[in-house]
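Hello,

Here is the structure for you to open alongside this note. My findings follow below it.

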Amino acid sequence: MRLAFFAALVAAFLMADTALAWEAFTPRKTTAYVVEVEEGNLIAVASRWGKKSADYTISLYGIGMPTEDQPFGKEARQTLLSLLPRGERVIVSIVGEGAGVVHALVQAQGRSINNLLVDEGLAWVDRATCKAMLCRRWHIEEHSAIKDRRGIWSLNMTSPPWQWGGKTGTPAQAAPRGMQP
């Protein structure tokens, strides 16, 4: 009986919306409006709707995305642009700050953008920085994307995405934007 209850509890946790999972993880939340989707996982936002210039730049916490010159970079950017058009209201859960960039979880229209990109195979979990409980769910979703060969995982390559360089997809030293070496 206890085992069944525990198994049901674990299943409910894994199936819960990621937005709920980060509530206990991030103490600082704010609302912002998209000014521009930059390269990789960077988003320029303003604190007021209609403002033309950005107040700060957000790096999507815990994930890495290919740059436009890498395989699936254009697709990832297009998806991010469609999810976060100019003026879109987003809920920003700030995880940390550094080098003029705010590392955050971003939610738009009730959906976790970080989570959605991993699930679609357009981003991967950054194992060096993603240490929160919700990252476990992202690992499961990334594994599902790999298994189903979605997005970046559809390529038949021996090097992981964070080692790609140039348009050929060959291994390189430089990491995509948002990834830390």
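**E142 and its contacts**

Setting aside neighbours within four places in sequence, E142 is in contact with V118, W124, V125, R127 and W153. Contact means heavy atoms within 4.5 Å. E142 sits in helix α5. Its relative accessible area is 2%, so E142 is buried. Buried means under 20% relative accessible area, exposed means over 50%, and partly exposed lies in between, with a 1.4 Å probe and protein chains only. Helices are DSSP runs of H or I with at least four residues, strands are runs of E with at least two, and both are numbered from the N terminus.

**What you are looking at**

This is a predicted model, in which local features need pLDDT of at least 70 and side-chain atom pairs count only at pLDDT 80 or more, while totals for chains, interfaces and linings use all residues. Residues are numbered from 1 along each chain as its sequence is written, and side-chain values use heavy atoms, with hydrogens and water left out.

pLDDT is the predictor's confidence in each residue, from 0 to 100. The protein chain averages 79, and 72% of the residues score at least 70. Residues 5-24 have a pLDDT below 50; beyond near neighbours in sequence, this stretch has 23 contacts in the model. Over residues 166-181 the pLDDT also stays under 50, and there the model has 44 contacts beyond four places in sequence.

**The chain overall**

The protein chain has five helices and 10 strands. Of its 181 residues, 43% count as buried. Take the contacts between residues at least 6 apart in sequence: 61% of them join residues at least 24 apart. The chain exposes about 9700 Å², and carbon and sulfur atoms supply 57% of that. These areas come from the Shrake-Rupley method with a 1.4 Å probe; for residues, only the protein chains shown count as cover.

**The nonpolar core**

A nonpolar core here is a set of buried Ala, Val, Leu, Ile, Met, Phe, Trp, Tyr and Cys residues joined through side-chain atoms within 4.5 Å. The largest one has 33 residues; L60, L84, I113, L117 and W138 touch the most other members. Two or more residues each come from β1, β2 (42-46), β3, α3, β5 (89-98), β6, α4 and α5 (134-148). β6 gives the most, with five residues. In soluble globular proteins, nonpolar side chains tend to be buried together.

Which residues does L84 touch, not counting those up to four places away in sequence? They are V34, V37, I43, V90, A108 and I113.

**Helix α3**

Helix α3 covers residues 73-83, and its buried residues are G73, A76, L80 and L83. Seen down the helix axis, these fall within an arc of 100°, so they line one face of α3. The arc is that of the directions from the helix axis to the C-beta atoms. An α-helix has 3.6 residues a turn, so residues three or four places apart point the same way. The buried residues of α3 pack against β1 (28-37), β3 (56-60), β6 (101-108), β7 (111-112) and α4 (113-119). The face turned away from this buried side carries the exposed residues K74, Q78 and S82.

**The disulfide**

How many disulfides does the structure hold? One. C130 and C135 form it, with their sulfur atoms 1.8 Å apart. The cut-off for a disulfide is a pair of cysteine sulfur atoms within 2.5 Å. The link of C130 and C135 is left-handed, with -90° about the S-S bond. C130 is buried at a relative accessible area of 6%. C135 is buried too, at 2% relative accessibility.

Most residues other than glycine have a negative phi. A99 is not a glycine, yet has a positive phi of about 50°. It lies in the loop between β5 and β6. A99 is exposed, at a relative accessible area of 85%.

Q109 also has a positive phi of about 50° without being a glycine. Its place is the loop between β6 and β7. With 58% relative accessibility, Q109 counts as exposed.

D126 lies in the loop between β8 (124-125) and α5. Is D126 buried or exposed? Its relative accessible area is 3%, so D126 is buried. The C-alpha atoms of D126 and G64 are separated by 6.0 Å, although these residues are 62 apart along the chain.

Best wishes
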